[in-house]
Amino acid sequence: MSWLFAPVPRGRIAVFRAVVYVFAAADLVIFTPWVRSHGSVDTELYRPLWVARVLHLPAPSSLLVTSIFWALLVFALLAATGKAPRFLGWMVFLLYFEWMIIAMSYGKVDHDRFAFLVALAVLPTCGVARWRDRELDARAGWALRVVQLAVVATYFLASWAKLRFGGPEWMTGSVLARAILRRGTDLADLIAPVPGLLIAAQIGIMAFELLSPLIFVLAWRWQRWAVAYFYSFHLVTISMITISFAPHLVAMLSFLPLEKAADWVARRLPSREPSVAGSGLPVLLGEVAGHRIEAGEGAAEGAGAGGH
Amino acid sequence: METTISARGRAVRLAATLIAGVLLLAGTLWGSDDHFPFGPFLMYAGVNPPNEPAPDPRIEGTTLDGVVIQLGEKQTGLRRAEVEGQQESFVKEPSRLQEVVDAYNRRNPQGPTLSEIRYVMREHEIKTSRPTGKWHDEILATWKVPR
């Protein structure tokens, strides 16, 4: 139980939050811009997901899609500043979830964003967090832990789905050859004809996904190598069949000591108030960072939602 | 100094974790894509035997001038997988391809007018889990665009 709530420095959640919300905005315009085009697609092609039917969500009209696009863009960028984390966080979660329902209700569901949705769902529960705040916080610990669990569940349960739908013969089938023929890069076309290689890769993928939960029992020294391996797996996937899994990659940052990134940035930016130790970080994404919190000051709680 | 969570806060978080976990597990065991976000992680989970050809469908149109154009995501706003997901209904009822024509017209009001639209399946040959480089095309559905 204490494992689920193991506290982490609050700065970690502050950096994670900024990256997640910036990505949510970038996702709208860069990574999945096709969602917007569903507003101009005939509603005949709309195949609402179960959740959309249960909640009686309206069929996406041009007006609805455009409204959600702009509202989500504005709220995500505001949330990235770290202000009003509860209100803005829940708004972004609800809007992004509806955005995904619109995205996946046309006959094709993507599987690259479960952990990202979990991140959006838990970030509002963490309260105010500043970039260089090193105070340990169990709320931040739980939030990051469940995102980690969602990341690993994506791998582990993907192998389960392969066994359920494809069976063990999935490993000796032609799923990679098929993927490469349909969307392979020149690099993939080059290596696909090598005898046995794609079968070996399929066995490797199954083994990796089944073993992925072991990351939780590794010491940090080895855990970071496992995370590096996870990222390299996706690097290969991108270079072969151009599947990016970008939202999942963002969620995977939950494994890293991100608060060190805040220090790294602070060291490289010119100090505005060199006489006061630890307050040299200029405004980052609107967040006045580097406010050193003394024990007992209670600044994080006292600041309240959105205040300084 | 450390921020802790109240007993109630812990209980709520624990319950949320367990409920989401159970839903995800149930989705993986019995669910389908329809249950997003708790459906099974089906990326590349299909059964593809070692010598099964790879289907590579596309929608193409012929303009009034007789030019053949591709009707991909850029032209219609529909992703290939989405088009593929509706393949059966296009084949059963070719008039439904008119929806794709309409989507094309909405996005390209100044573009060339289509006289015909086709759902074409290209099958790439695969032997012992490796592509052979051979393929053939088959037209699965044709729809003459009413003037």
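Strand 4 and strand 5 of chain B pair in the antiparallel sense, joined over 11 bridges. The model is predicted. Chain A and chain B share an interface, with 72 residues of chain A in contact with 62 residues of chain B. Over all chains there are 20 aromatic pairs and 24 salt bridges.

**Strands of chain B**

- Strand 5 of chain B spans residues 130–144. In this strand, Glu138(B) is the bridge partner of Met121(B).
- The hairpin of strand 4 and strand 5 of chain B has 2 residues between the strands. Thr128(B) takes a positive phi there, near 40 degrees.
- Strand 4 of chain B, residues 114–127, also runs antiparallel to strand 2 of chain B, and 10 bridges join them.
- Strand 2 of chain B is joined to strand 3 of chain B (residues 68–70) by 3 bridges, again antiparallel.
- Gly61(B) stands opposite Ile117(B) in strand 4 of chain B. Gly61(B) also stands opposite Ile69(B) in strand 3 of chain B.
- The hairpin of strand 2 and strand 3 of chain B has 4 residues between the strands. In this hairpin, Gly66(B) takes a positive phi near 85 degrees.

**Two covered faces**

- In a regular strand, side chains alternate between the two faces of the sheet.
- One side carries Ala54(B), Asp56(B), Arg58(B), Glu60(B) and Thr62(B).

**Aromatic rings and charges over rings**

- A ring pair is described by the distance of the centres and the angle of the planes.
- Trp90(A) and Phe93(A) form an edge-to-face pair, 6.1 Å centre to centre with 80 degrees between the planes.
- Both residues lie in helix 5 of chain A (residues 85–104), 3 residues apart, about one turn of the helix.
- Trp90(A) counts as partly exposed because its relative accessibility is 38%. Phe93(A) has 18% relative accessibility, so it counts as buried.
- Phe114(A) and Phe38(B) also pair edge-to-face, because their planes stand at 65 degrees with the ring centres 6.0 Å apart.
- This pair crosses between chains, from helix 6 of chain A (residues 114–122) to the loop between helix 1 and strand 2 of chain B.
- Phe114(A) is buried at 9% relative accessibility, whereas Phe38(B) is partly exposed at 24%.
- Ring pairs also link a cluster in chain A: Tyr155(A), Phe208(A), Tyr229(A), Phe230(A) and Phe233(A).
- The charged end of Arg36(A) sits over the ring of Phe69(A), 4.0 Å from its centre. Lys162(A) lies over the face of Trp170(A), 5.2 Å from the ring centre.

**Where the chains meet**

- About 6,100 Å² is buried between chain A and chain B, and carbon and sulfur atoms give 62% of that area.
- Across this interface there are 4 salt bridges.
- Glu84(B) and Arg182(A) meet in a salt bridge, at 2.8 Å from N to O.
- Arg178(A) and Glu52(B) meet in a salt bridge too, at 2.7 Å from N to O. The pair crosses between chains, from helix 8 of chain A (residues 175–183) to the loop between helix 1 and strand 2 of chain B.
- Arg178(A) is buried, with a relative accessible area of 18%. Glu52(B) is partly exposed, with 25%.

**Salt bridges within a chain**

- Side chains of opposite charge can pair when their charged atoms come close.
- Asp263(A) forms a salt bridge with Arg134(A), with the closest N and O atoms 2.1 Å apart.
- Asp263(A) lies in helix 13 of chain A and Arg134(A) in the loop between helix 6 and strand 2 of chain A, so the pair ties together parts 129 residues apart in sequence.
- Asp263(A) is buried, with a relative accessible area of 14%. Arg134(A) is partly exposed, with 42%.
- In chain B, the side chains of Asp137(B) and Arg58(B) meet in a salt bridge, at 3.0 Å from N to O.
- Asp137(B) is in strand 5 of chain B and Arg58(B) in strand 2 of chain B, so this pair ties together parts 79 residues apart in sequence.
- Asp137(B) counts as partly exposed because its relative accessibility is 32%.
- Both residues belong to a network of salt bridges, which also links Glu60(B), Glu116(B), Arg118(B), Arg122(B) and Lys144(B).

Notes. Residues are numbered from 1 along each chain as its sequence is written. Chains are lettered from A and ligands numbered from 1 in the order in which they are written. This is a predicted model: local features need pLDDT of at least 70, side-chain atom pairs count only at pLDDT 80 or more; totals for chains, interfaces and linings use all residues. Side-chain values use heavy atoms; hydrogens and water are left out. Buried means under 20% relative accessible area, exposed over 50%, partly exposed in between (1.4 Å probe, protein chains only). Two strands pair if DSSP finds at least two bridges between them. Rings of Phe, Tyr and Trp (its six-membered ring) pair if their centres lie within 6.5 Å; planes under 30 degrees apart count as stacked, over 60 as edge-to-face and the rest as tilted. A charge sits over a ring if NZ of Lys or CZ of Arg is within 6 Å of the ring centre and within 35 degrees of the ring normal. Contact means heavy atoms within 4.5 Å. Buried area is the accessible area (1.4 Å probe) that two parts lose on being put together, summed over both.
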